[in-house]
Amino acid sequence: MRKMLSAAAAFATAATAVVVMSGAAEAAPAGSSTVYGCQSGNVCIWPQGVNPIDNPHPTNQYTTYGAHNLSNQFGYHWVLNNQYGGASASLCKNFGGTNCVVTLAQDQWTYEDLTPINSITLNRP
């Protein structure tokens with residue numbers, strides 16, 4: 001019995017440590033929400049030719065500011081800027097977030113041919 005209690009206490013301590021180490025996630029502002037699988041604060045891309053209403057599973061979700069290079073994105077895709085606080089996103093022809101041709105304001109959607117797009121940037125407000 002003592003071994004079982006000791007094991008239970010060790011498990012509880014380890015579980016508590018994992019929760020403490022992971023830290024609290026930053027809360028999204030009031031009124032923000034997940035949209036067709038795109039989490040609040042993210043910029044999302046759905047599969048080629050897929051309507052997000054019919055298939056609420058984006059294939060790409062970007063969470064950090066800066067440039068993100070794309071790969072294997074051809075044809076038309078829905079893209080949503082679900083960031084908050086006035087942050088924008090840009091679709092760019094070059095890798096590294098240069099030669100940007102489309103900018104999405106907060107909560108803005110676009111249906112774009114991503115064949116010539118090689119990167120996406122998440123821009124601070």
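These legends go with close-up views of a predicted model.

Two notes apply throughout: residues are numbered from 1 along each chain as its sequence is written, and side-chain values use heavy atoms, with hydrogens and water left out. Since this is a predicted model, local features need pLDDT of at least 70 and side-chain atom pairs count only at pLDDT 80 or more, while totals for chains, interfaces and linings use all residues.

**View 1. The disulfide of Cys-38 and Cys-44.**
A disulfide here is a pair of cysteine sulfur atoms within 2.5 Å, and the structure holds two of them. In this one, Cys-38 and Cys-44 sit with S to S at 2.0 Å. The link is right-handed, with 85° about the S-S bond. Both Cys-38 and Cys-44 are buried; buried means under 20% relative accessible area, exposed means over 50%, and partly exposed is in between (1.4 Å probe, protein chains only).

**View 2. The disulfide of Cys-92 and Cys-100.**
The sulfur atoms of Cys-92 and Cys-100 are 2.0 Å apart. The torsion about their S-S bond is about 75°, so this disulfide is right-handed. How exposed are the two ends, Cys-92 and Cys-100? Cys-92 has 0% relative accessibility and counts as buried, whereas Cys-100 is partly exposed at 36%. Number the bonded cysteines of the protein chain in sequence order and the pairing reads 1-2, 3-4.

**View 3. The sheet with the order β2-β1-β4-β7.**
Strands are DSSP runs (E, at least two residues), numbered from the N terminus. Two strands pair if DSSP finds at least two bridges between them. This is an open sheet of four strands, with antiparallel pairing. At the edges stand β2 (60–62) and β7, each with a single partner strand, so one side of each is left without a neighbour in the sheet. On average, neighbouring strands here are turned by 20° against each other, direction ignored; the axes behind that angle are lines fitted to C-alpha atoms, and angles run from 0 to 180 degrees between N-to-C directions. Zoom in on β1 and β2 and you'll find three bridges in the antiparallel sense.

Four bridges hold the antiparallel pairing of β3 and β8. Among the bridge partners, His-68 goes with Ile-120 of β8.

**View 4. Val-79 and the largest nonpolar core.**
A nonpolar core is a set of buried Ala, Val, Leu, Ile, Met, Phe, Trp, Tyr and Cys residues joined through side-chain atoms within 4.5 Å. The largest one has 13 residues, and Val-79, Leu-91 and Ile-120 touch the most other members. At least two residues of this core come from each of β1 (43–45), β5 (88–92), β6 (100–104) and β8 (119–123). Contact means heavy atoms within 4.5 Å. Leaving aside neighbours within four places in sequence, Val-79 is in contact with residues including Val-43, Cys-44, Ile-45, Leu-91, Leu-104, Trp-109 and Ile-120. As a general point, nonpolar side chains in soluble globular proteins tend to be buried together.

**View 5. The aromatic cluster around Trp-78.**
Rings of Phe, Tyr and Trp (its six-membered ring) pair if their centres lie within 6.5 Å; planes under 30 degrees apart count as stacked, over 60 as edge-to-face and the rest as tilted. By this rule the count comes to five aromatic pairs. The rings of Trp-78 and Trp-109 have centres 5.9 Å apart and planes at 85°, so they make an edge-to-face pair. Trp-78 lies in strand β4 (residues 76–81) and Trp-109 in strand β7 (residues 109–113), so the pair ties together parts 31 residues apart in sequence. Both are partly exposed, Trp-78 at 28% and Trp-109 at 30%. Trp-78 also pairs with Tyr-111: centres 4.9 Å apart, planes at 40°, so tilted. That pair links strand β4 to strand β7 across 33 residues, and Tyr-111 is partly exposed too, at 37%. One aromatic cluster takes in Tyr-36, Trp-46, Tyr-76, Trp-78, Trp-109 and Tyr-111.
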